[in-house]
Every structure is written in structure tokens, then in C-alpha cells.
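Reader: I am new to protein models and would like to learn how to read one. Could you take me through some features, step by step?

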Amino acid sequence: MDLVFSQLDIDMLAPVKARNPCTLEIIGSYTYAMGGNGFIQHPERSVMDVEDYDSFIANPHEYFIQNVLKKYCRKLGDDPWRNAMILAMGIKAESDYSASVGGAKFRASQKNEIYSVPFKHLAFAGAPCDFVADTLRGFTAFSKDVKRYPEKIKEASEAVLPMLIKQALPAEVADVGYTAMFTHMPAFMRTKEFEQLYFPTFSKLLHATAEKGQYFCVFLESDWTRYIDYLQELPQGTILRLEQGDLQQYKDRLGKKFILEGMYPLAYLKHATKEQAIDKAKEMLDIMAPGGNYIFGFDKGPIKPDDINFDNFQAVIRYVAENGKYDNAGERSMLEEPGKSIKKCADQIPPFQSRYYISHDEYLNSIDYPVPGMEEIIAGKLSQYEEWIFNSLTNLK
Amino acid sequence: MFDYETLKNSMADLDEDTVLETLRELIDNGGEDASRAMEACQDGLTEVGTRFDQGDYFIGDLIYAGEIMSESMEILKPVLIQEGDGQKCGRVILATVHGDLHDIGKNIVRAMLEAAGFDVVDLGIDVAPEVIVETAKKENINIIALSGVLTLAIGSMKDTVDAFKNAGMREQVHIIIGGTPVSEGGCQVVGADEWAHSPQKTVNVCKGWAAGK
């Protein structure tokens, strides 16, 4: 890590982490599998039958814990004690791995003076419809549900919103932080289906989270040019990571309200000459940089070292570092104050409730210590562990 | 009797209820014209592919179309088998290449190739080059369709083409590659004969090869 960072003229590190095979082995992961070349990936899985939509809608988190977790973690069996051990080991392995990667990244960024957003300001949440598709039904079954049971998708997406808003809030909200989201299904849906099934709860999630001060960084898989009108409805200041589409339209129609990132074709780092790779970067900067609100980035992340030619990579980064300068530094780059674009909806969304989650207030009301002020301290700590187990279990796959 | 155009259009419009009701009625009435009904469904599916190419339909539509087509084939199969109408227009080996576990695109292509009358030998996912070469040799199949989603699939596709070269079989086989990372440039790197993002293009290319073009 240190070697790579020291050779690149970069300002900031994106959070990166590969899958940990130990975690996957401990839990007997159904979701992730290793290909013949060692690359761990996410083949299509369906863990919820269509008949179960109503049970999920009744309480998404309880359904997840009771039904989905054991399908994701194939080592979970009939013995509750062994199950508890497996989950504890899986979470510990994942947490150790994150700490190890995070530590290495922190040390490398300190040494090379590269900024990295503190972990406590980061979160991750999927769009409600993507949760139904990717976490529950699988791509193929979801695509059929869109045609056969659109109402169920709508209800399930609404039902899971409180849980996703909870996931979207980091340990500590701060301006430098963001919540990452990787969209999936819109590229494969008709525009009308997107409008009716996907967008309403996607938008609510971003607005309700922005109301609490946290903004999203949304990776828009594939080409979203046909969805630009919808994107304009999102909270100002949202980071939109682009993969494909009409760069000029993105810039012209979204560039004053959002921070745009991405779209440099990774293939240029592998197959183009160094000159062609730099020319492409120049072409992108010429369109995207004027007026600001732009972060140079790629359409896809390289997943193994030989996905790129390092000389090209280095040359492109150097070109961007030397030429990617704002002509309006210090001036307002967006249309209005960020808060004004937020459509308040948080109070219309039911609070998150689950028999597998104890809130801070519930802890506070249930404990009693002889020493004054101790309840608050203990309840605060217990609450931290509650959040930790909530996030760990919903991400254990 | 059924109305050919109505059945074809119902398939093209993904009107599942009308397609299946028409076919069940046809079978209930003795199954006469089952072959024609099958053709109407195939024509409808071709129209689905065309609408996808034109940007009116998306992958979700192709998946649903494949579902309606396999339900239709299930209904018609008993009668078609009796009629002995199982003539295939060609054989294709289909595989997701080594290192890649994604099969949604491959499955769409399989459904559309089968609907077009191909006998498809589907080798599944993460298939090593030598398995594909061995199967081509053993089954005497000269149309190879390779699928992949990950960027690394391009390397595996190239390895597969190279494996055919090393086995001295490259001149005897036609190879088409498909999936997200594939492009004209990628096709040249891989050394394949054709490439496609659209399943309909894959079907058309394979039909041309099967017809000796």
C-alpha cells in the first residue's frame, strides 16, 4: 500500500477493502464465492421466496435476522450455542480484518500525507429497491417480480426504509463524511419502472438522511443519462459517481447541484498508450473541471494489479494533479445552500423497531445503578455495542 | 385455431397471461398447429431482442421474456415431441469464462439461442479453457459463445481463444464473446471472431455461422 501511494500524486484515499476469506469460511458464506482464479465475487443468490414478501414487509429487520441470516451463513445450524459461536467468530474475523486494512491505510496515508476520511464519518446503505433485489430476491427473481408483483416491491421498499436510514447514519455525522451506496437495478429496468418502483424510496432515503446532516456518495451503475431528470431531485451536495453515459449532459444538467466523479474509462489504463491515456484525461477535465464540483475518478475500480498498466496510471494521475485546478476557488460553486434542496420526509417514515434492537432510551430505562450519572454512561456504551452488532450482522454475508 | 400475429405480439409485449392462455387453449383443443404457435412465440422473442437493441427494452425485460418462453415451451413440448418437431438449426457451446461466476447474461443468451432452435451445451460458470476446448472436440461443435461480467473475463476469454490455437483448432471454430466488459477493442485483444452486448446479435451471428456464412 505504502509503495503504491508513495508513487502517486494523489490528495485523498478512497476506502477500499477486499473480501476476507476467513470470515466467509467461518460463516460458510452463501453470498460470496471464490472463482477459479482466486477472485472473490458475488454470484446471483435468491434467499427469499415470493410468498415471503408479506413476512418481510411486516418487519424487515426481524425477518432478516430470523430467515435471511441463516441462508447467508450456511454454517448456522440447529444448535443455538454453536450458532452464537459462529456469529461471534465471523464478526470478530471481519472486524480484525477491517482494523488491519484500516491501520495499514492510515499509516500509509500519514506517511505520504494523503487525506483519508475518518471511519466514524462513513457509512454504507443500499437503495431500498436494490436491497430487495440484491439481499433478498436475486437479480432474476426481482426482474420477474417487477412485472408480476410491482406492488410487493413497492411495499417492501417502503418497509425497509427505516432500517436503511439507520444504516446510512455513521457513528458521527460530519461534513467530511458520506454514506456510500452502489446502485444496481436501475440500469436493467424500464424508465417507467424506475420512476414507480425504484426512485420514490431511493429519493426518500437520501433526503431523510440529508435531513440529519449526512449526504450520500452514490455510484450510478452503468448509464444513467436517461435518469438525469430524476437525479436533479436529489439533495444538493450528493456525490454522484458516474460509470457510463453522456458526460457533457451530466456536467450541464447536474454539475451545479452535485459533486460529479468517475467515468474515466479504466480500459485506457490497460490498453491505451500513455499519450492516449493522458489525452483522455484532458478531454474529461476540459468538460468536467470548469466551475468545480468535480472529483477525478475511474468508471470502475481495478480489481487486480494487471487490470492496469501502472505507468499509464501514474501518468494520468500526474496530469490531473498538475492540470486539475479550479478557476473559481473560493467562490460558491453550487446553486443554493445545501439545506434548501432537502425535501423533508423523515417524520413521515416510521421509526426503526425490531425485537433484535434495543435503543439507547430502552437501555437507560432498564438499568439502575447506585452511583449518580452512571446509568447514562453505561446506556451510552451499551448503545454503541448495539449499533455495532446491528451493523455487523446486517453486513455479514 | 389461434391468431399468429396476436400470439407473436403478445410475446413481444411480454403479455404473459395472453401467451399462456392461448397456448393452453390450443393444447386443450388437440394441439393442432403447435409448431406454428412455437414459431409465433419465437418471432415474438426476436421482436423482444430487437426492442432491446433499440433501447425500448432492458435486461429485466429479456429475463421476463425468457421466462415466458420457457413456460410456453413446457406447454407445447408434449405435442411437439409427438410431432417429432425437434429439428435443431445448430449446436453451440456456451460458458461463463474462467474466474467469473456470473451467469445472468449467459442464461438469457441460452434461452434465446434455444428459442431460435439451437442445441446449447451450457458448461456453466468459471469454466477453464481446456474444458471448453475438450468439449468442442468431443462433441464436434464449432460455435463457441463466451460470457463474462468482470473486467478479468477479458483475460480469460483470450486464454480460451489461445487454448483453441494451441490445440490446433482455432481455424475450425467460430468464437463470439459477450457481456459488460466486451467491446470492439476487447474483441481484438481477445482474438475472437465477433462480440455482442445484445443477445439478439449473438443469436443472429450464431445463425449465420450455423448456416455456413
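Reader: Which side chain does K106(B) join in a polar contact?

Author: A polar contact is a pair of N or O atoms within 3.5 Å; within protein, one must be able to donate a hydrogen and the other to accept it, and residues adjacent in sequence count only if both atoms are side-chain atoms. Here the side chain of K106(B) is joined to that of N107(B) by a polar contact of 2.9 Å. K106(B) is part of helix α5 (residues 104-115) of chain B. Helices (H or I, at least four residues) and strands (E, at least two) are DSSP runs, numbered from the N terminus.

Reader: Is K106(B) buried or exposed?

Author: Buried means under 20% relative accessible area, exposed over 50%, and partly exposed in between (1.4 Å probe, protein chains only). K106(B) has 3% relative accessibility, so this residue counts as buried. Leaving aside residues up to four places away in sequence, K106(B) touches several others, among them L94(B), D122(B) and S147(B); contact means heavy atoms within 4.5 Å.

Reader: What should I know about the model itself?

Author: This is a predicted model, in which local features need pLDDT of at least 70 and side-chain atom pairs count only at pLDDT 80 or more, while totals for chains, interfaces and linings use all residues; side-chain values use heavy atoms, with hydrogens and water left out. Residues are numbered from 1 along each chain as its sequence is written, and chains are lettered from A and ligands numbered from 1 in the order in which they are written. pLDDT is the predictor's confidence in each residue, from 0 to 100. Chain B has a mean pLDDT of 92, with 98% of its residues at 70 or more. For the complex, the predictor gives an ipTM of 0.91 and a pTM of 0.91.

Reader: How many salt bridges does the whole structure hold over all chains?

Author: Side chains of opposite charge can pair when their charged atoms come close. A salt bridge is a side-chain nitrogen of Lys or Arg within 4 Å of a carboxyl oxygen of Asp or Glu. Over all chains, the search finds 34 of them. One joins K166(A) to E387(A), with the closest N and O atoms 2.5 Å apart. K166(A) belongs to helix α8 (residues 150-168) and E387(A) to helix α16 (residues 374-395), both of chain A, so this pair ties together parts 221 residues apart in sequence. K166(A) is buried, at 16% relative accessible area, whereas E387(A) is partly exposed, at 25%.

Reader: Which ring does K166(A) lie over?

Author: A charge sits over a ring if NZ of Lys or CZ of Arg is within 6 Å of the ring centre and within 35 degrees of the ring normal. K166(A) lies over the face of F390(A), 4.9 Å from the ring centre.

Reader: And which residue forms a salt bridge with R110(B)?

Author: That is D122(B), the closest N and O atoms being 2.7 Å apart. R110(B) is in helix α5 of chain B and D122(B) in strand β2 (residues 118-122) of chain B, so the bridge ties together parts twelve residues apart in sequence. R110(B) is partly exposed, at 29% relative accessibility, and D122(B) is partly exposed too, at 24% relative accessible area. Salt bridges with shared partners also join K144(A), R148(A), E16(B), E67(B) and E71(B) into one network.
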